Amino acid sequence: MLFLARRVAATTATLLAVAVVLFAASEVLPGDAAASSLGLDATAEDVVARRLELGLDRPWPVRFLDWLAGAVRFDLGTSVMSGEPVTEIVAEPLGATGLLVGITAAVTVPLAMLIGLVSGLRRGGRADRALSAVSVVAVSIPQFVTAGLLVLVFADLVPILPAISLPPLGGTPLDKPDILVLPVVALTLFGAAWAGRIVRAAVIDADGLPHVEAARLAGLPERTVVWRHLLPATVPPCAHAFAWLLSGLFGGTAVVEIVFNYPGLSQTLVAAVRNHDTAVLEGVGLLLAAIIIVSFVLADLLVLLADPRLRVAAR
């Protein structure tokens, strides 16, 4: 319980720091939200009136405290451009990005574990060298290049998948699942290669632990040694690696979403930056930060469950 209380306190402090940075950064962005919402034909008097209407004449610490109080109640403010609540604006794009990240993670995590196990248990062998070479290449190629190559091959040369990942009008990406294939593959190639290298290192370290060697000397089948003794020892480094992977997926989908014109958070963010819609920028940033921080907290809890020694130390 003490560990959980410390983690909750640290999470709250981190989110507060993120909120301060987001709000301060939005204040120094070039342009003016009031002028952007009125258009090019607005007069100086119109801009002043709009600033008063939006409350932009107040000191930024006062506006920050108002925004923070609303965020605690899950009210992220109102869009300067459309007048709609930020939560309503980002709900659908966040769901689309979350779907893309969720499917990618469901494919990437087992694939990375398989790559890491095969490479780690057969280190120095042909399979290890081949997987290592492929992983290095996959990590070295920028994701926008990978996405472009996938479009060239599977949407142009061999047209079996759509190049544009637009769902049906009024529908969701699940209504047309084939539009998810290329974005998921583009994200998985990098994620599985990166995480697979970390899993490989964790497997090699765990393979040399005394209790794993003792299990082999006791004559236990290799499958039992791997599943009951070796894999549990890889949980701490792998859990945090996959938490980093999840945060990277939420942050890295922007390039892939733009390449495939996928209706996720990237388009919402680009429009918010273009229109100086600070409420949307702050809301999306805080939501993403909360998701990433929670993923690391869950990874810490998983590590505690997997290692009794850490549970004792955390008391």
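Biologist: Against which helices do the buried residues of α6 pack?

Modeller: In this predicted model, the buried residues of α6 are D128, S132, S135 and A138. They cover an arc of only 130 degrees around the axis, which puts them on the same side of α6. The helices that these buried residues pack against are α5 and α8.

Biologist: Which exposed residues does the face of α6 turned away from its buried side carry?

Modeller: An α-helix has 3.6 residues a turn, so residues three or four places apart point the same way. On α6 the buried side holds D128, S132, S135 and A138. The face turned away from that side carries the exposed residues R126, R129, V134 and S140.

Biologist: How far apart are the end C-alpha atoms of helix α6?

Modeller: Helix α6 covers residues 126-140 and has 15 residues. At 1.5 Å a residue the helix should span 21 Å, and the model agrees, with its end C-alpha atoms separated by 21 Å.

Biologist: What span does helix α10 reach from its first C-alpha to its last?

Modeller: Helix α10 runs over residues 222-233, which makes 12 residues. At 1.5 Å a residue, 16 Å is expected. The span reached in the model is close to that, at 15 Å.

Biologist: Within what arc do the buried residues of α10 fall?

Modeller: The buried residues of this helix are V225, V226, L230 and L231. Seen down the axis of α10 they line one face of the helix, because they fall within an arc of 135 degrees.

Biologist: What covers the buried residues of α10, and which exposed residues lie on the face turned away from them?

Modeller: The cover of the buried residues V225, V226, L230 and L231 includes α5 (86-121), α8 (181-207), α9 (210-217) and α11 (235-259). The face of α10 turned away from its buried side carries the exposed residues W227 and R228.

Biologist: Is T234 buried or exposed?

Modeller: T234 is placed in the loop between α10 and α11. Buried means under 20% relative accessible area. With a relative accessible area of 2%, T234 is therefore buried.

Biologist: Which residues does T234 touch, not counting residues up to four places away in sequence, and how far is a polar atom of its side chain from the backbone oxygen of L231?

Modeller: Leaving out residues up to four places away in sequence, T234 touches A202, V203 and A206. A polar atom of the T234 side chain also lies by the backbone oxygen of L231, at a distance of 2.6 Å.

Biologist: Which positive phi value does F74 have, and is F74 buried or exposed?

Modeller: Most residues other than glycine have a negative phi. F74, in the loop between α4 (60-72) and α5, is not a glycine, yet its phi is positive, near 65 degrees. At 71% relative accessibility, F74 counts as exposed.

Biologist: What phi does N261 have?

Modeller: N261 is found in the loop between α11 and α12. The residue is partly exposed, with a relative accessible area of 31%. Although N261 is not a glycine, its phi is positive, at about 55 degrees.

Biologist: How far apart in space are V273 and S26, C-alpha to C-alpha?

Modeller: V273 is in helix α12 (residues 265-274) and counts as exposed, at 51% relative accessibility. In sequence, V273 and S26 are 247 residues apart. In space, C-alpha to C-alpha, their separation is 9.4 Å.

Biologist: How far apart do the C-alpha centres of domain 1 and domain 2 lie?

Modeller: The chain is divided into domain 1, residues 1-73, and domain 2, residues 87-314. The distance between their C-alpha centres is 31 Å.

Biologist: How much of residues 94-118 is helix?

Modeller: The unreviewed UniProt entry places the feature "transmembrane region" at several spans, including 94-118 and 241-263. Over residues 241-263 the chain is 83% helix, with end C-alpha atoms 28 Å apart. Over residues 94-118 the end C-alpha atoms are 35 Å apart, and the helix content is 100%.

Biologist: How many helices does the chain have?

Modeller: The C-alpha trace spans about 85 × 60 × 30 Å along its principal axes, and 37% of the 315 residues count as buried. The secondary structure comprises zero strands, and the number of helices is 14.

Technical notes: Residues numbered from 1 in each chain as written. Predicted model: local features only at pLDDT ≥ 70, side-chain atom pairs only at ≥ 80, totals over all residues. Heavy atoms only, no water. Helix = DSSP H or I, 4+ residues; strand = E, 2+ residues; numbered from the N terminus. Expected span 1.5 Å × (residues − 1). Buried < 20%, exposed > 50% of the residue type's maximum accessible area, 1.4 Å probe, protein only. Arc of directions from axis to C-beta. Contact = heavy atoms within 4.5 Å. Polar contact = N/O pair within 3.5 Å; in protein donor to acceptor, adjacent residues only side chain to side chain. Domains from an automatic or database assignment. UniProt positions renumbered as here; feature names shortened; annotations may be inferred.
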